[in-house]
Amino acid sequence: MSTPDKTTALGREVTRRDEGGADGGRGQTTIGEGVVTKVAGLAAREVPGVHNLGGGAARAIGSVTQKVGLGDARTQGVSVEAGEKEAAVDLTIVVDYGESIPRVADAVREQVIKRVEGITGLKVIEVNITVNDLYFPGEDAPDEAPRVS
Amino acid sequence: MTRDGDSGPAVSERAMLAVLAAQAIAVTDGVTATSGPAERWQTTSAAGTVAGVLAVADGRGRVELELHLAARWPPSMPLRQIAEQLRERVRRSAAIAGMSDRLGDVSVAFDDVLTEAVSG
């Protein structure tokens, strides 16, 4: 029995695996899309030169939601469309100033593919990376005292 | 599939298999049981509550198990391999307990990844 492909919201086709409903006939193994998302985010953070994930708004909202225990930094800036056999990953990253952006992007792509494929068994068909910002050391430091009192 | 109390196996078998599955999860490296949002993945019986395991009578005299897991980061091996190990462990335990003929499908679901706090 064949299973129709899944066409994602962005028009990408993510092929489903025809498992006959079970792994070896003794029960299914399922890996949630949230798991794939977290694996992709954690993999991206392992790459030197990646300062953070997410766009400016996502990071601002994320910092607030995480403080109240609702947000999860591991999924910030990561969007995954996963079928049962393939996955497509979109990432938004902030790169450390001074790093080569193309080199960091290539390394992120390689690491995400390695981790997602190795851990989940899904074939990663694409990793789209948006470099949203550059991080300058000291950017997060508290504001200096006003010059005038 | 029927809930306990229908024509399925007795409560004690369902609870026993849930406990065996929970023990198998506990001794498997890299994973921990998760009862999920609103604690919907758990088995409650007279013997107590088993988190992360849904044991359901299949209506044909067997009990199907659904194991809900969070994987620790980084996993030591592919998740499907961990699932296979776990499934085998549950089947072995059921055999030792003389309940092989009562054990139905053992499904494994990975629902979360656990890490140390990630700064963001």
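Which residues are buried in helix 1 of chain A? They are A:Val35, A:Val36, A:Thr37, A:Lys38, A:Val39, A:Ala40, A:Gly41, A:Leu42, A:Ala43, A:Ala44 and A:Arg45, where buried means 20 or more other C-beta atoms within 10 Å of a residue's own, exposed means 12 or fewer, partly exposed is in between, and C-beta atoms are placed from the backbone.

A quick word on ground rules: this is a predicted model, with local features needing pLDDT of at least 70 and side-chain atom pairs counting only at pLDDT 80 or more, while totals for chains, interfaces and linings use all residues. Residues are numbered from 1 along each chain as its sequence is written, and chains are lettered from A and ligands numbered from 1 in the order in which they are written.

Back to that helix (helices are DSSP runs of H or I, at least four residues; strands are E runs, at least two; both numbered from the N terminus). Its cover includes strand 6 (103-114) of chain B as well as helix 3 (101-120) of chain A. A:Ala40 is in contact (C-beta atoms within 7 Å, placed from the backbone) with A:Val78, A:Val80, A:Val89, A:Leu91, A:Val112 and A:Val116, leaving aside neighbours within four places in sequence.

Now for two loop residues of chain B, both between strand 1 and strand 2:

| Residue | Phi | Other C-beta atoms within 10 Å |
|---|---|---|
| B:Ala38 | near 60° | 6, exposed |
| B:Glu39 | near 50° | 12, exposed |

Elsewhere in chain B, a cis peptide bond joins B:Trp73 and B:Pro74, with omega about -10°. B:Pro74 sits in the loop between strand 5 (63-72) and helix 2 (79-96).

Terms used: Contact = placed C-beta atoms within 7 Å.
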